[in-house]
Amino acid sequence: WDARELRFPDGRLHEDIPVVLPAHFQAASVDVVGAPVYRYRVRDAGAPSITQRRHEMRALRDRLAAVEHVHGYIRAHEPARQRRRYERSVVRHDLRYHLDLLHEASDEYRTLFMDWAAAFLHAAGARVCHELPAIDRAKYHLVRRGRLAELLELLEFQREAALRTAPVRRRGRYYGDYPLRVPRSALRLGRRDQELALTAHLDWIGVENGRLRLTGHAYVNALGAGSPDAQRLEIAAVRPGGRRALRMRLAPTRLATMPVRRRDLEPRVQWSGFRASIGPTALIEHGNCELFAYVSSG
């Protein structure tokens, strides 16, 4: 810190970005502390935090200035692969923090964001968005082309209906059913998309008649479980330890599981409930274990 004469800039928001990222590149080594040492305070009163002020012009200007500083530093001092990594980080985090607030921003704010982000995306190239979820790829597709009205419509759709709208299936692949016209490749869904992610809740666990009993519900977000045959659900127990992903596939202990209609949930997921149980012998053999929900749907 002293040798490089690093200093946080005065009077600017996001003052950590232009200092900490170059410092990581300049450091001979970087240690990672495993304990939680950084905490957010939830503010119900008083002055708003930086996070609560992202829709203000100053927050956007200072963020973009910080990104430009780091981007310039990496271009000048680091290999091209590091520049590409940072550009992917910018679209995944820095820009998205402000992109998702455009519906409550001023016209001046929207104009600055759309112009700056479009220029950044064009300079970074088409592949900068390839690893993003489909709905974010669609949003940046609209940003590149300056289609603000459609972007605001898509943001409203994301807030109100995205995870409750069933995706479209074509030739064995799923695509987001979004209210806009973009290339199909921008809408293809995969593991990183919330539409195909699993929601799972363990609501109760206890012992009845010598067996460990569990109740809960699980479903694929956008596919739901509106009928008894909409999905196939299993609960499995896996011992803690190394190579967990491999053992989850090859040698989990399957729990006796039956589907349950959950009238307390909305109709589209009312058949996502389950009851599962495991006997005392298996419990003794297993000891401590982690539980996983497996859902086949669609």
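Me: Which residues of α3 are buried?
Reply: Happy to start there, keeping in mind that this is a predicted model. Helix α3 covers residues 80-99, and what lies over its buried residues includes α1 (17-26), α2 (57-77), α4 (107-124), α5 and α6. The buried residues of α3 are Q82, Y86, E87, V90, V91, D94, L95, H98 and L99.

Me: Where does helix α3 bend?
Reply: Good one to check on the structure above. The bend amounts to about 45°. V90, one of the buried residues of α3, marks the place: helix α3 bends at V90.

Me: How are α5 and α6 oriented to each other, roughly parallel or roughly antiparallel?
Reply: Two packed helices are described by the angle between their axes and the distance between the axes. For α5 (residues 134-144) and α6 (residues 148-160), the axes come within 9 Å and cross at roughly 160°. Angles over 145 degrees count as roughly antiparallel. The two helices, α5 and α6, are therefore roughly antiparallel.

Me: How many residues in the contact of α5 with α6 are nonpolar?
Reply: Let's go through the contact by helix. From α5 come I135, A138, K139, L142 and V143, while α6 supplies E150, L151, L154, L155 and Q158. Two of these contact residues are charged and one is polar, which leaves the nonpolar group at seven.

Me: What percentage of the residues in the chain is buried?
Reply: Zooming out, the chain has eight helices and eight strands, and its C-alpha trace spans about 65 × 50 × 45 Å along the principal axes. Of the 298 residues in the chain, the buried share is 37%.

Definitions and conventions. Residues numbered from 1 in each chain as written. Predicted model: local features only at pLDDT ≥ 70, side-chain atom pairs only at ≥ 80, totals over all residues. Heavy atoms only, no water. Axes fitted to C-alpha atoms, helices over the stretch in contact; angles between N-to-C directions. Helix = DSSP H or I, 4+ residues; strand = E, 2+ residues; numbered from the N terminus. Parallel < 35°, antiparallel > 145°, perpendicular 65-115°, else oblique. Contact = heavy atoms within 4.5 Å. Nonpolar A, V, L, I, M, F, W, Y, C, P; charged D, E, K, R; others polar. Bend = angle between axes of the 7 residues up to and from the residue. Buried < 20%, exposed > 50% of the residue type's maximum accessible area, 1.4 Å probe, protein only.
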